[in-house]
Amino acid sequence: MAVINVSRELLAARAAYILRGDDLGELTTAAPQLYPHLWSWDAAFVSIGLATVSVPRAIAELRTLLRAQWRNGMLPHIVFGPDVDYFPGPDVWDSACAAAAPRDVRTSGICQPPVHAIAVRHVLAAGRRNGGADRELAERFAEGTFDRWLAWHRWLAEARDPSRRGLLEIYHSWESGMDNSPRWDSTYANVAPKVDLEVRSRRDLQHVADASQRPTDAEYRRYLWLVHQMREARYDDDAVRETVDFRITDVFMSAILALAADELAEVGDEFGRTDEAAELRTLAARFRAGVLSTVSDETGLARDEDIRADTWVETETIAGFAPLLCGADPSVVRRQAALLSGPQWCDHPALRYAVPPSTSPTSPAFRPRTYWRGPQWPVMNWLFCWALERQGVAPALAARIREDSLRQLADLEFGEYYEPLTGEALGSAHQSWTAAVALDWTLGPAA
Ligand code: 9WN
C-alpha cells in the first residue's frame, strides 16, 4: 500500500462527501451498495460524524431510527429504506407478525449494541458548541426523546438480562454487530438448521473480490435458521429466549450498555429527570459488575458465556477488552491496557497500523482478510479511543490508536474494515460509519 500524505482538511472534506453520497434524505445507508438500508448502531456512529457538519441532519438520522422503535422499547437492527433488493429483506424477517413491531415501518426483528446515548450526547454537545438554532434544536431533541432512549435501555435490561446478572443475552450473532467473530464458533457448531432455507443472492459476495472474506453459505444457513426460529416465536421476548438455538451472553454489548446508561443518565440530570438518571446509574453499575465477573484470571480477558452449553468462550477477540471500554476495577483496566498495547495485539510486529485487530494475530482463529475474524474496524478504533479518553485512562494507548487509525484512513477508501498486515481496505468501500469517525476525529471536539 502506498502511503498517502493527506491533510486533516482533505480527509474531513472527503469523509463529508462520502456521507453525503450515502444519504437518502433522512436515512444514511450503512454503505451505498452493500448495505442499502439503515443499521441501528451504524446510524448512531453516523450521527456522531454528521453532528460535526450538520446538527439538524444528525438529529434527523436518529429520528429515523426512533420512528422504527418497537412498542416494547427495542430498536431494531435494520430499518428498511426504499424498496431495493436486499437479502435477507423484509419478507424474510416478516416483522409484521410481531405484536410489538411498528405498523408503518419495515424492520428486522433483532437488535444491535446500544451505542445510541453516546450519539445523543455528541449531538447535544455539538449543538451547544454551535449555539443559536442548533443549540435549541439539540436540547429540544435530547429532552424530547429521552423517554424513548430510556425505554430502549429498560427493554435491554429486562428482556435481555432476565436473571439480572448484568450481562446481556443475544439470540443471533448479528445482534452483536460482529457477525462471524470466532467468539460464536462453538455456539454455532451446535446450531443445526432443521429446515433447508435458501441462501438467495447475497449482496456481500457481489462486492468482495474473494468469497473467503465473508461468512460462508453454511454460516448463512445457520443465520437464516435462527431468524426462522424467532419468526416462529413471533419475536416474543420470552418465547424467543426459550426456543432459539443460539443463546449466549455478549460481554462487549453489555459493556456498551453500561457506558450508554451512564451517558443517558447525564442527559437525564440535565433535564431534571433525577429519578431516571439514578435508575440508569444503577443499571450501569449492574452491567459494569457483570462485565467484570467474566474476566479470566488466566488471560485477563472478559468472556461471553454460552448459556445452552453452560461454557465460557475463551477465544481472544477484541470483545475481551469490554472492561477497558466501560471502566472496571483499576487493576483489571491496567492489565487490559498493557495487553492491548502489547505484542499480542496493537504492537504485534506484523501489523501495518497499531490499532486493535478484531482477533489477536497470535490466536489460531486469526484470519487477516475475513470480516470479524482478524481485520481492523475503524469504528471499533473510535469506540476504544473515545472510551479511554472519557475515563482518562491509558492516554498513550488512546493517542496511538487515534493517530494510527487516521494514518490508515489516509487511503481515502473509507473501507468497511482493513487487512491488518497490509493495511488494505476490504469489504464495502464508502462505508458510512468509517467516514463518520473520520469526521469526528478531524472536525469533532477533540480534533
Ligand atoms: C448483518 C452494517 C452492518 C454492521 C454490522 C456488520 C454487518 C450485517 C451483514 O454490517 O452486518 O447485520 O450483512 O453482515 O457486521 O456490524 O452493523 O454496516
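This is a predicted model: local features need pLDDT of at least 70, side-chain atom pairs count only at pLDDT 80 or more; totals for chains, interfaces and linings use all residues.
Residues are numbered from 1 along each chain as its sequence is written, and side-chain values use heavy atoms, with hydrogens and water left out.

Polar contacts are pairs of N or O atoms within 3.5 Å. At Gly177, a backbone N or O atom is 2.6 Å from an oxygen atom of the ligand. The side chain of Gln431 has an N or O atom 3.0 Å from a ligand oxygen atom, and for the side chain of Trp41 the corresponding distance is 3.1 Å. Taken alone, the ligand exposes 420 Å², of which the protein buries 97%; accessible areas come from the Shrake-Rupley method with a 1.4 Å probe. The largest cavity is the space taken by the ligand. A cavity is a set of points, on a 1 Å grid over the protein atoms alone, where a 1.4 Å probe fits but cannot get out, and a molecule sits in it if more than half of its atoms lie within 2 Å of its grid points.

Next come the helices. Helices are DSSP runs of H or I with at least four residues, strands are runs of E with at least two, and both are numbered from the N terminus. The expected span of a helix is 1.5 Å times one less than its number of residues. Buried means under 20% relative accessible area, exposed over 50%, and partly exposed in between, with a 1.4 Å probe and protein chains only.

Helix α18 covers residues 432-443 and reaches 16 Å from its first C-alpha to its last, close to the expected 16 Å. Eleven of its twelve residues are buried, including Trp433 and Trp441. Helix α16, residues 378-391, spans 20 Å, close to the 20 Å expected. It is largely enclosed by the rest of the structure, because eleven of its 14 residues are buried; Trp382, Phe384 and Trp386 are among them. After α16 comes Gly392, with a positive phi near 70 degrees.

Helix α10 has 16 residues, 217-232, and reaches 22 Å, close to the 22 Å expected. Its buried residues include Tyr220, Trp225 and His228. Arg234, which follows α10, has a positive phi near 50 degrees. Tyr235 also has a positive phi, about 55 degrees, and lies in the loop between α10 and α11. Tyr235 counts as buried because its relative accessibility is 6%.

Most residues other than glycine have a negative phi, and most peptide bonds are trans. Arg164, in the loop between α6 and β3, has a positive phi near 55 degrees. At 57% relative accessibility, Arg164 counts as exposed. A cis peptide bond, with omega about 0 degrees, joins Phe87 and Pro88, and Pro88 is placed in the loop between β2 and α4.

Finally, Leu27 is found in the loop between α1 and β1 and is buried, with a relative accessible area of 10%. Leu27 and Val79 are 52 residues apart in sequence and 9.1 Å apart in space, C-alpha to C-alpha.

Note on methods: A polar contact is a pair of N or O atoms within 3.5 Å; within protein, one must be able to donate a hydrogen and the other to accept it, and residues adjacent in sequence count only if both atoms are side-chain atoms. On a 1 Å grid over the protein atoms alone, a cavity is a set of points where a 1.4 Å probe fits but cannot get out, and a pocket is an open set with protein on both sides within 12 Å along at least five of seven lines; lining residues have an atom within 4 Å of a point.
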